[in-house]
Amino acid sequence: MSEPGLDLHDWESQWASVEEDQNDDPAAALSQYADLVERVLEERGYRVNDPVEAGGDEPEIVATYASAREVAERAELGDASRADVEAAIEDLRTLFDTITAERP
């Protein structure tokens with residue numbers, strides 16, 4: 001059983017750790033952020049890899065995550081611009097803040 005307050009602290013600590021290295025390697029940071037957001041979403045009950053969930057009650061949450069994950073995958077292949085990477089990071093930050101605020 002997880003402790004919501006401890007989970008939140010752990011997630012915020014992980015985010016801050018990635019953030020420290022973001023300027024040196026934004027593409028790697030994006031991948032790490034996407035992994036973290038995926039874990040948070042799954043622990044909050046979202047099925048990010050389930051096509052039915054994408055059309056569920058909050059499709060924008062799953063769609064935002066999926067879009068950022070797609071940019072992360074392209075960035076790993078060297079096929080995403082820095083602007084795309086930065087926009088995806090910002091989307092994940094907004095998503096992270098929304099999910100952790102909605103369900104503390």
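Predicted model: local features only at pLDDT ≥ 70, side-chain atom pairs only at ≥ 80, totals over all residues.
Is Glu-70 buried, exposed or partly exposed? I shall answer that in a moment, after a word on the subject of this talk.

In general, side chains of opposite charge can pair when their charged atoms come close.

Let me return to Glu-70. With a relative accessibility of 37%, Glu-70 counts as partly exposed, because that class covers values between 20% and 50%. The partner of Glu-70 is Arg-74, and their side chains form a salt bridge with an N to O distance of 2.7 Å. Arg-74 is also partly exposed, at 24% relative accessible area. Both residues belong to helix H4, where four residues, or about one turn of the helix, separate them.

The second pair is in helix H5, which spans residues 82-102. Here Arg-82 bridges to Glu-86, and the closest N and O atoms are 2.9 Å apart. These two residues are likewise four residues apart, about one helical turn. Arg-82 has a relative accessible area of 49% and is partly exposed; Glu-86, at 40%, is partly exposed as well.

Arg-69 and Glu-38 meet in a salt bridge at 3.0 Å, N to O. Arg-69 lies in helix H4 (residues 59-76) and Glu-38 in helix H2 (residues 26-43), so this pair ties together parts that are 31 residues apart in sequence. Both Arg-69 and Glu-38 are buried.

Conventions:
Residues numbered from 1 in each chain as written. Heavy atoms only, no water. Salt bridge = Lys/Arg side-chain N within 4 Å of Asp/Glu carboxyl O. Buried < 20%, exposed > 50% of the residue type's maximum accessible area, 1.4 Å probe, protein only.
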